Amino acid sequence: MCLCEKRPEAQTRSRGDGFDQELTTMKQERHSDVCLASSSLARKDALRISLGCRLEYEFSNVTPMLAMLNVHDAHFGNIERLDYLTTSPCVPQESYRDSFGNWCIRLTAPAGTFTLITNGIFFDHGKKDPVCPTAYQHSVQDLPSETLMYLVGSRYCDTDLLSEEAWRLFEGNAAGWDRVQAICDYVHQRVTFGYEHARATRTASETLAERRGVCRDFTHLAISFCRCMNIPARYCTGYLSDIGEPEPHPPGDFAAWLEVFLANRWWVFDPRNNQRRIGRFLVGRGRDAADVPLTQTFGENTLRKFEVWTKISD
């Protein structure tokens, strides 16, 4: 197992050929060199969180793939150990940012067994997601231009089919935080969660009709309702810990939630759990799940093993 990466200004090197210099360049590109030296959190008061994943594939042929598995730049002020992507066997990697600013890696998997691993340590303040019941809703004409893409329909958020129902359900709620919370309450109560209900093609309107799904389906439906009510909403995926939650804890998995734009900033809402949580680490954000696939393969494969962890580090 080894680490190797290719970037626009520097070809991949082995550990014996300037690896340290190469690694420093990569840290600078991800704005992490300063953050690694001095966390923005007071470490004596912070939780030390180990997080990462291990995905083992079986490929019948050499197969190109994309990976979006690294924690988002938003958390770079709180790093102890950066969650570099490693592969077994080692293959060249090329990093880039997508149109939403997410950190992505392209690589080519060899035929046979191929494993992707990330394993980082981040500090967390140990507080739950912030709450602001007075956060107000902007008039559309007052919204920043960069939020407007999150008002319209997208691949899984078919707002054209949900607009009439959204206004019937939520027009009576006070605009702003109360309306978004009412949307999340409705989705949480209306939809039944179960991994056996997972279906990659399910849209928000289908989730409403079928009343079942996984966290991405809860999120797509809540996003769609928010957009129908003229509230910018975007899809997020990442790590979510079970810190502070009653045991037994479910097996580790990636999570989906949404961010809505109220009172000049983005706020986290989570219709699947419908409560404020501790230890939420963003990986990627976009219009819906189509924009943030954690991995995307361009050929036949089988996912043999899947392990995700977000836990307090010893």
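**Ground rules.** I number residues from 1 along each chain as its sequence is written, and side-chain values use heavy atoms, with hydrogens and water left out. Local features need pLDDT of at least 70 and side-chain atom pairs count only at pLDDT 80 or more, while totals for chains, interfaces and linings use all residues.

**Confidence.** I looked up pLDDT, the predictor's confidence in each residue, from 0 to 100. The chain mean is 89, and 86% of residues reach 70 or more. Residues 1–28 have pLDDT below 50, with 52 contacts beyond near neighbours in sequence. Residues 31–39 are also below 50, with 23 such contacts. A contact means heavy atoms within 4.5 Å. Where pLDDT is low, the predicted coordinates should not be read in detail.

**Helices α3 and α4.** I took helices (H or I, at least four residues) and strands (E, at least two) as DSSP runs, numbered from the N terminus. Axes are lines fitted to C-alpha atoms, for helices over the stretch in contact, and angles run from 0 to 180 degrees between N-to-C directions. Helix α3 (residues 159–170) packs on α4 (residues 177–190) at about 110 degrees, with the axes 11 Å apart. That makes α3 roughly perpendicular to α4 (under 35 degrees is roughly parallel, over 145 roughly antiparallel, 65 to 115 roughly perpendicular, the rest oblique). From α3, I found E165, L169 and F170 meeting R179, A182, I183 and Y186 of α4.

**Helices α4 and α6.** I then turned to α6 (residues 215–228). Its axis comes within 10 Å of the α4 axis, and the two cross at roughly 145 degrees. On the α4 side I listed V180, I183, Y186, V187 and H188. On the α6 side I listed F218, L221, A222, F225 and C226.

**Cis peptide bonds.** The bond from S88 to P89 is cis, with omega near 0 degrees. I placed P89 in the loop between β4 (86–88) and β5 (93–97). The bond from E247 to P248 is cis too, with omega near 5 degrees. P248 sits in the loop between β10 (233–240) and β11 (254–262).

**Positive phi.** A263 is not a glycine, yet its phi is positive, about 50 degrees. I found A263 in the loop between β11 and β12 (265–269). A263 is partly exposed at 21% relative accessibility (buried is under 20% relative accessible area, exposed over 50%, partly exposed in between, with a 1.4 Å probe and protein chains only). N274, also not a glycine, has a positive phi of about 55 degrees. N274 lies between β12 and β13 (280–286), in a loop.
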